[in-house]
Amino acid sequence: TPVRPLTRKQIRALRLREGASQAVFARYLNVTAGLVSQWERGEKHPQGTSLKLLALVAKNGLEAVA
């Protein structure tokens, strides 16, 4: 299923909505906290599995990937 890209602001808003620090959010997505930080600064963009997991979190909450 195609997933639409998220902006850096959308990623940050999603993390804040879930009440998670960058480190906790990263752990759920199986990436580093540094990568989450880069996404939120717009230096890198989530792709592949990470993007799908973010879409799942956006739709169903962080518990959906726990």
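A residue counts as buried when its relative accessible area is under 20%, as exposed when that area is over 50%, and as partly exposed in between, with a 1.4 Å probe and protein chains only. This is a predicted model, in which local features need pLDDT of at least 70 and side-chain atom pairs count only at pLDDT 80 or more, while totals for chains, interfaces and linings use all residues. Residues are numbered from 1 along each chain as its sequence is written, and side-chain values use heavy atoms, with hydrogens and water left out.

**Overall fold**

- The protein chain has 4 helices and 0 strands, where helices (H or I, at least four residues) and strands (E, at least two) are DSSP runs numbered from the N terminus.
- The radius of gyration, taken over C-alpha atoms, is 10 Å for the protein chain, close to the 11 Å that the globule rule (2.2 Å times the number of residues to the power 0.38) gives for 66 residues, so the chain is as compact as a globular protein of that length.
- Along the principal axes, the C-alpha atoms of the protein chain fill a box of roughly 25 × 25 × 20 Å.
- Of the 66 residues of the protein chain, 32% are buried.

**Helix H1**

- In helix H1, which spans residues 8-17, the residues Ile-11, Leu-14 and Arg-15 are buried.
- These residues lie on the same side of H1, because they cover an arc of only 95 degrees around the axis, the arc being that of the directions from the helix axis to the C-beta atoms.
- The buried residues of H1 pack against H2, H3 and helix H4 (48-60), where contact means heavy atoms within 4.5 Å.

**Helix H3**

- In H3, the buried residues are Val-36, Ser-37, Trp-39 and Glu-40.
- They cover an arc of only 160 degrees around the axis, which puts them on the same side of H3.
- The buried residues of H3 pack against H1, H2 and H4.

**Backbone at the helix ends and in a loop**

- Asn-30 has a positive phi of about 60 degrees although it is not a glycine, and its place is in the loop between helix H2 (22-29) and helix H3 (33-41).
- Asn-30 is exposed, with a relative accessible area of 70%.
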